[in-house]
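The sequence and structure are shown first.

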Amino acid sequence: MNLYPALRPLLFNMDAENSHDLVLKALSKVGRPIARLCPTPSSALLSQPIDLMGLRFPNPLGLAAGLDKNASCGPAFASMGFGFLELGTVTPKPQPGNPKPRMFRIPESRSIINRMGFNSCGLETFLENLQGNRPSGIIGINLGKNASTPISGALDDYKLGMNAVYNHADYITINISSPNTKNLRDLQEGNELQNLLHGIGQSVRMLQDKHDRHVPIVVKIAPDLDSNAIAQIASNCVTNHIDGIIATNTTIARPSDLPRHIAAEAGGLSGALLTQHSTEVVYKLCQELGGEIPVIAAGGIMSGNDAVEKLQAGAQLVQIYTGFIYNGPKLITDILQSIRQSRHPQE
Ligand SMILES: Cc1cc2nc3c(=O)[nH]c(=O)nc-3n(C[C@H](O)[C@H](O)[C@H](O)COP(=O)(O)O)c2cc1C
């Protein structure tokens, strides 16, 4: 059953963040019954396993970070057919994020601008929520730093996060690409990048020894990086034994086809206006990496074809956020169908 086309006009009539909160509240309370009313992919589509970073992903489609920041709706999203969920971004201490309004839909270009600023319940509540709502399947936990932590102390915040979530995550994402936390993106280049990844590497080795288990570490990057910066990230991630890279987060660019009334809003742009640029970054990154470590693609996947293009650019997994807001759960079936068709064209 596909109720989303009927529901969407009601949700889109409300303020973007209010409707997001309402849906998440409903999913956290009665998630599985609601998910059962959604179109569910067939078992053949759900089962397209892929082995990566020492994990077996049931299928290559994931929920991108930011939709379930506080880990309150995992079982509902998992039962819609995602092969993996990335929860967070979670910061060490609770923080409110930026003042509202801070999320803007742009329906004419199937895009969103957001400047949420890591609104987070903090690690303690996040882990309580996760324990009460642990979905089956692969869970990535996306870590950020508190706004009150100076950028020079970012590594300490990531270490706090890694220590706390190590035993609860199948993989951990180090988010250094949100445009809405001051100077965060500086961590993507030069000495800042080298020092951060070196510190993360040291921390992982200690945690691995302590827990006798390796949890893959993934770094999430922005689309607003030139070729040199992409090459630098690729080589630093390989040198420091990072297990994967997520490309990309939202962009601070404002394409000329963005309606003028909204272009002035600060924040990161996601959705259809990001698709092509993000695919180019995925392609360049994969060329630089030469298969040394895998790439997980996010950025403007609005259709099955968009997902296939990301895989053709070299990514091994894909994630969606904005496409899910515009298309609802049916996009999961469409993407899994297109991926299967691209792999088995004779079927
Ligand atoms: C409202 C909103 C909040 C987001 N919050 C986060 C976040 O907390 N952490 C993160 O790593 N990415 C966050 N993202 C970025 C998405 O995970 C994704 O990388 C980006 O939106 C591009 O994919 P899309 O075009 O499918 O949305 C957020 C995106 C949106 C639209």
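Strand β8 (residues 171-175) pairs with β9 in the parallel sense over four bridges; strands are said to pair if DSSP finds at least two bridges between them. Helices (H or I, at least four residues) and strands (E, at least two) are DSSP runs numbered from the N terminus. Asn-175 has Lys-220 as its bridge partner in β9. The model is a predicted one, in which local features need pLDDT of at least 70 and side-chain atom pairs count only at pLDDT 80 or more, whereas totals for chains, interfaces and linings use all residues. Residues are numbered from 1 along each chain as its sequence is written.

β8 and β9 belong to a closed barrel of eight strands, which runs β3-β4-β7-β8-β9-β10-β12-β13 with parallel pairing. On average, neighbouring strands of this sheet are turned by 30° against each other, direction ignored; the axes are lines fitted to C-alpha atoms, for helices over the stretch in contact, and angles run from 0 to 180 degrees between N-to-C directions.

## Strand β4 and its neighbours

A residue is buried if 20 or more other C-beta atoms lie within 10 Å of its own, exposed if 12 or fewer, and partly exposed in between, with C-beta atoms placed from the backbone. Strand β3 (residues 61-63) and β4 pair in the parallel sense over two bridges, and Gly-62 has Phe-84 of β4 as its bridge partner. The chain passes from β3 through helix α4 (residues 74-79) to β4, a β-α-β crossover that is right-handed; this term applies if, with the strands pointing away from the viewer, the path from the first strand over the helix to the second runs clockwise.

β4 also pairs with strand β7 (residues 138-143), in the parallel sense and over six bridges. Here Gly-88 stands opposite Asn-142 in β7. Gly-88 is also joined to Thr-89 by a cis peptide bond, with omega about 10°, and Thr-89 is found in strand β4.

## The antiparallel sheet

Three further strands are arranged in an open sheet in the order β5-β6-β11, and their pairing is antiparallel. β5 and β11 stand at the edges with a single partner strand each, so one side of each is left without a neighbour in the sheet. From one strand to the next, the twist averages 20°. β6 and β11 are paired in the antiparallel sense over four bridges, and Ser-111 stands opposite Gly-271 in β11.

## The ligand shell

The ligand is surrounded by 26 residues, of which the closest are Ala-64, Gly-66, Ser-270, Tyr-321 and Thr-322; a residue is counted as near if its C-beta atom, placed from the backbone, lies within 6 Å of the molecule. At least two residues of this shell are supplied by each of β6 (111-114), β11 (268-271) and α12 (322-327).

By residue class, the shell divides into ten nonpolar, 14 polar and two charged residues. Ala, Val, Leu, Ile, Met, Phe, Trp, Tyr, Cys and Pro count as nonpolar, Asp, Glu, Lys and Arg as charged, and the others, Gly among them, as polar.

## Loop residues and backbone geometry

A cis peptide bond also runs from Ala-247 to Thr-248, with omega near 15°. Thr-248 is placed in the loop between β10 (244-247) and α9 (260-263).

Arg-110 has a positive phi of about 40° although it is not a glycine, and its place is in the loop between β5 (103-106) and β6. With 19 other C-beta atoms within 10 Å, Arg-110 is partly exposed. Asp-212, likewise not a glycine, has a positive phi of about 55°. Asp-212 lies in the loop between α7 (190-211) and β9 (217-221) and is exposed, with 6 other C-beta atoms within 10 Å.

Ser-72 lies in the loop between β3 and α4 and is buried, with 22 other C-beta atoms within 10 Å. Leaving aside residues up to four places away in sequence, Ser-72 touches Leu-24, Ser-28, Asn-129 and Asn-133; contact requires C-beta atoms, placed from the backbone, to lie within 7 Å. The C-alpha atoms of Ser-72 and Gln-346, which are 274 residues apart along the chain, are separated by 41 Å.

Notes
Two residues are in contact if their C-beta atoms, placed from the backbone, lie within 7 Å.
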